[in-house]
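Subject: Structure for you to look at

Hello,

Here is the structure I promised to pass on. Please open it beside this message, and I will go through what turned up.

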Number of protein chains: 2
Amino acid sequence: MTMDASRFEAIVGAGGVITDPVRLRTYECDGLTHHRATPGVVVLPESAQQISEIVKECLRLGMPYVARGSGTGLSGGALPRTDGVLIVTARMRRILSIDIENQRAVVEPGVINLDVSKAARPYGYYFAPDPSSQQICSIGGNVAENSGGAHCLKYGFTSHHVLACEIVCPDGEIVELTRDGAGYDLLGAFVGSEGTLGITTKVTVRLTRLPETVQTLLAAFGSIEAGGEAVSAIIGAGVVPAAIEMMDALAIEAAEAAVHCDYPPGAGAVLIVELDGPSAEVEHQFKDVTRICQEMGAFETRIAADDAERALIWKGRKSAFAAVGRISPAYLVQDGVIPRTALPGVLARIDALSRESGVRVANVFHAGDGNLHPLVLFDDAEPGAAERAEEVSGKILDLCIEHGGSITGEHGVGVDKSRYMPRMFTEGDLDTMQMVRCAFDPAGLCNPGKVFPTPRLCGEVPGVRKGVHPLVEQGKADLF
Amino acid sequence: MTMDASRFEAIVGAGGVITDPVRLRTYECDGLTHHRATPGVVVLPESAQQISEIVKECLRLGMPYVARGSGTGLSGGALPRTDGVLIVTARMRRILSIDIENQRAVVEPGVINLDVSKAARPYGYYFAPDPSSQQICSIGGNVAENSGGAHCLKYGFTSHHVLACEIVCPDGEIVELTRDGAGYDLLGAFVGSEGTLGITTKVTVRLTRLPETVQTLLAAFGSIEAGGEAVSAIIGAGVVPAAIEMMDALAIEAAEAAVHCDYPPGAGAVLIVELDGPSAEVEHQFKDVTRICQEMGAFETRIAADDAERALIWKGRKSAFAAVGRISPAYLVQDGVIPRTALPGVLARIDALSRESGVRVANVFHAGDGNLHPLVLFDDAEPGAAERAEEVSGKILDLCIEHGGSITGEHGVGVDKSRYMPRMFTEGDLDTMQMVRCAFDPAGLCNPGKVFPTPRLCGEVPGVRKGVHPLVEQGKADLF
């Protein structure tokens with residue numbers, strides 16, 4: 001399919017449109033690299049007005065479109081359409097204001113997550129959501145995916161830190177979604193809608209005061225169960241750490257091989273616990289945390305003496321995904337959620353699954369909020385290995401659902417997990433979501449094929465099929 | 001209009017249907033008593049299934065319906081329809097589970113706010129949202145209005161404490177809205193939708209650990225401006241109090257006359273600052289707060305020595321609305337929001353408005369988050385006084401909008417403020433909200449006449465008028 005790019009050049013200028021096949025390949029996938037599609041055309045707008053015109057043009061042409069920030073997503077949410085337009089926000093990178101008195105910043109969607117914190121740091125503030133990709137991921141992408149990070153246990157997800165969004169709706173209209181208390185909180189529904197309800201063009205984020213003190217502890221346990229019990233005991237004692245991360249033996253082995261993070265040898269699991277806040281509180285609670293870890297059988301606890309030691313502890317954790325590449329030719333990352341109290345049981349079941357199937361699973365997770373990231377290892381050169389890994393991944397998600405959890409904690413559904421949605425939601429639940437999608441996007445052109453399991457026309461959705469209720473047509477308008 | 005109640009009796013039994021005109025009068029208004037309408041019929045269901053059947057029956061009859069909890073709302077959100085059904089949840093008062101390990105409770109919508117805290121207290125937990133009416137208001141009503149309270153500065157609104165809702169949609173379907181990370185966060189849009197998107201039948205709430213320590217300070221200032229500057233200085237110092245409340249001289253006078261709360265004589269404003277959390281932190285920060293208040297000109301600071309003194313300090317604040325009845329035959333309560341930093345300027349303008357118009361205004365507010373509750377006093381026996389009070393109220397809301405704020409912080413829009421919505425939102429913003437409303441409720445029977453300024457048929461809303469995009473009709477289904 002060849003695209004007539006001139007219509008888009010008229011909107012953003014020739015320099016803002018990419019049609020060269022080699023350059024288009026750059027955009028063929030996001031962080032989930034096993035789904036690939038070369039976009040029909042890439043357009044690089046510089047303003048909300050331009051995005052509005054692009055969307056209106058797509059509507060006229062009946063052409064699907066997908067928005068993309070930095071392309072670091074892990075569920076294929078920014079997978080392009082070969083028959084469509086990829087709208088890349090990389091040229092919208094201005095920090096428009098930093099309002100310290102009201103603790104907020106206004107930024108364009110292409111601004112890099114960490115750059116917001118860098119801009120606020122001189123005033124003693126930062127932007128709290130910290131996905132592992134924070135050095136390159138964009139705020140627009142964070143909004144689309146409702147990104148989390150290691151510290152969302154205490155500070156919450158992107159949704160908790162976004163105060164307003166200017167968006168371009170699928171009909172091309174530019175509207176402002178706020179949390180002003182009046183009218184519906186559509187901001188809540190928009191954040192995390194994975195690019196299916198419109199495109200963010202301006203984001204007002206909350207800035208958080210830098211904590212007075214940060215303390216980080218590494219505790220090594222004989223088994224993952226012992227580590228899981230320590231997590232429950234810490235939370236049960238009323239401590240709300242900034243982060244509690246856990247890695248199992250295989251993940252530790254990988255991290256050690258890759259970045260020499262010097263974790264205690266022989267550990268079945270390590271726990272990273274970080275506390276932040278006023279010094280008096282942190283010191284008091286840190287003693288409790290250390291004691292609890294020891295009581296739960298930690299054979300070594302190590303407290304970071306300074307920022308360099310803290311960075312080394314985190315280096316092992318933050319590089320764990322990439323490090324797994326050292327011990328396995330290929331792997332799938334999952335992103336399930338379970339109630340924290342179900343951790344020991346679910347981990348034992350994952351272990352059993354791994355042994356039965358012969359598929360190795362490395363576990364890295366945000367233990368404090370029960371967000372698991374099992375890395376399912378396989379050799380893509382071995383016939384059938386990818387399928388077996390996929391099967392084990394699916395069974396892990398089933399385990400999460402069975403325990404009242406979710407198929408995604410922070411990576412989104414995207415193209416990757418849409419087929420699991422019916423295992424988690426009833427048909428009525430999915431219809432309700434489709435009703436809202438169709439209200440925003442009746443033409444179904446805004447990031448189609450993501451999130452929902454079956455592509456359906458809006459006319460096929462029960463809530464929408466009704467369209468206008470028969471009574472309205474009968475003229476009983478006085479009822480309303 | 002006489003209702004045929006037999007259809008509803010078939011669903012809930014004869015004892016669950018009220019048609020007696022005298023008994024119906026009990027339900028003619030909520031906390032906003034100057035809007036009144038006797039409901040056509042009152043139905044008291046006992047389950048989600050019954051509510052589903054009532055809603056389906058209403059849909060068949062083309063009859064509007066309104067849900068009501070305890071009826072303490074202050075914007076007329078539960079104002080009945082004379083031609084419709086009032087669905088009262090008072091018989092759905094079971095606390096279904098308290099799950100301390102996962103820090104959550106599951107309750108029916110008629111459960112009283114404070115009863116959740118009472119049930120959780122033996123385990124060391126409570127339900128954080130604390131509207132002044134918490135001894136009588138219902139959780140279902142809190143969900144509908146996204147209720148706040150004095151402590152929402154630190155702990156957030158109802159929305160932050162609701163993890164899932166079972167709801168009956170306007171088509172009668174029972175669905176579960178969750179924050180599971182997968183699919184749209186429709187829970188965010190539902191909470192605070194003022195009963196226009198469906199009826200809550202079961203709520204999963206987050207339980208919060210009781211703080212180790214609570215400290216409360218009362219500071220008296222010569223003027224409201226000095227008090228406002230103290231608020232900014234406290235927040236600017238990085239302290240996040242559990243609450244900061246302010247009252248002006250007229251509100252103090254009223255409270256003093258009503259409950260003898262013993263506030264310092266001659267104060268132009270009092271500030272109540274409450275800190276909670278670990279003892280070490282609270283003590284450290286409390287010194288800062290006391291010092292800041294003194295630096296900003298507090299002529300008296302008083303620290304509650306025990307729970308009894310704390311209760312007395314709060315008694316003045318919590319009874320302020322009712323107390324105003326002692327110094328004025330009638331009053332209107334407003335609920336505007338402004339950026340905290342705009343407090344001194346806006347208060348000066350309100351003062352000028354009051355002097356120019358001769359209408360007295362008492363100010364009581366959640367100063368920490370800029371949520372004003374001006375009480376506009378008038379004598380309803382005096383011709384034209386109500387209209388003048390209404391006019392001053394409207395001008396106060398205009399001031400809030402002009403300063404980038406909102407017409408409601410926690411009371412909702414309801415029938416009372418729907419006419420101000422176009423001052424705050426563009427037509428495009430309102431259309432987007434209507435699109436969502438119509439997706440849920442195409443027949444327009446679910447609490448019609450609330451929130452939105454102009455009753456419109458769903459067919460008249462631009463986003464909805466499009467219905468299914470022409471391209472779909474042209475059969476270009478392969479695009480999706």
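Let me begin with a helix pair in chain B: B:A230, B:A233 and B:I234 in α8(B) meet B:V289, B:I292 and B:C293 in α10(B). Contact here stands for heavy atoms within 4.5 Å. Helices (H or I, at least four residues) and strands (E, at least two) are DSSP runs, numbered from the N terminus. Sorted by class, this contact has six nonpolar residues, no polar and no charged ones. In that sorting, Ala, Val, Leu, Ile, Met, Phe, Trp, Tyr, Cys and Pro count as nonpolar, Asp, Glu, Lys and Arg as charged, and the others, Gly among them, as polar.

Before going further, a word on what you are looking at. This is a predicted model, in which local features need pLDDT of at least 70 and side-chain atom pairs count only at pLDDT 80 or more, while totals for chains, interfaces and linings use all residues. Residues are numbered from 1 along each chain as its sequence is written, chains are lettered from A and ligands numbered from 1 in the order in which they are written, and side-chain values use heavy atoms, with hydrogens and water left out.

Back to the helix pair. The axes of α8(B) (residues 224–236) and α10(B) (residues 279–295) come within 9 Å and cross at roughly 145°. These axes are lines fitted to C-alpha atoms, for helices over the stretch in contact, and angles run from 0 to 180 degrees between N-to-C directions. The crossing of α8(B) and α10(B) is right-handed; a crossing gets that name if the near helix is turned clockwise from the far one by less than a right angle, and is left-handed if anticlockwise.

B:A219 is buried, at a relative accessible area of 0%. Buried means under 20% relative accessible area, exposed over 50%, and partly exposed in between (1.4 Å probe, protein chains only). Leaving out residues up to four places away in sequence, B:A219 touches B:A269, B:V270, B:L271, B:C293, B:A298, B:E300 and B:T301.

The buried residues of α9(B) (residues 249–259) are B:L250, B:A251, B:I252, B:A254, B:A255 and B:V259. They pack against several elements of chain B, including β13 (243–248), β14 (269–277), α11 (307–318) and α12 (320–327). In α12(B), the residues B:A320, B:F321, B:A323, B:V324 and B:I327 are buried. They sit on the same side of α12(B), because they cover an arc of only 155° around the axis, the arc being that of the directions from the helix axis to the C-beta atoms. On the other side of α12(B), B:A322 and B:R326 are exposed. Among the elements covering the buried residues of α12(B) are β13, α9, α11 and β16 (330–333) of chain B. B:G325 also lies in α12(B) and is partly exposed at 42%; its C-alpha atom is 8.0 Å from that of B:A254, 71 residues away along the chain.

Most residues other than glycine have a negative phi. A:H260, though not a glycine, has a positive phi of about 50°. A:H260 is in the loop between α9 (249–259) and β14 (269–277) of chain A and is exposed, at 57% relative accessibility. In chain B, α9(B) is followed by B:H260, whose phi is positive, near 50°. B:N146 has a positive phi near 50° as well, and lies in the loop between α5 (139–145) and α6 (152–155) of chain B.

Finally, the cores. The largest nonpolar core has 84 residues, and those with the most contacts inside it are A:M421 and B:M421. A nonpolar core is a set of buried Ala, Val, Leu, Ile, Met, Phe, Trp, Tyr and Cys residues joined through side-chain atoms within 4.5 Å. A second, separate core of 45 residues includes A:M246, A:L332, A:I350 and A:V376.

Best wishes
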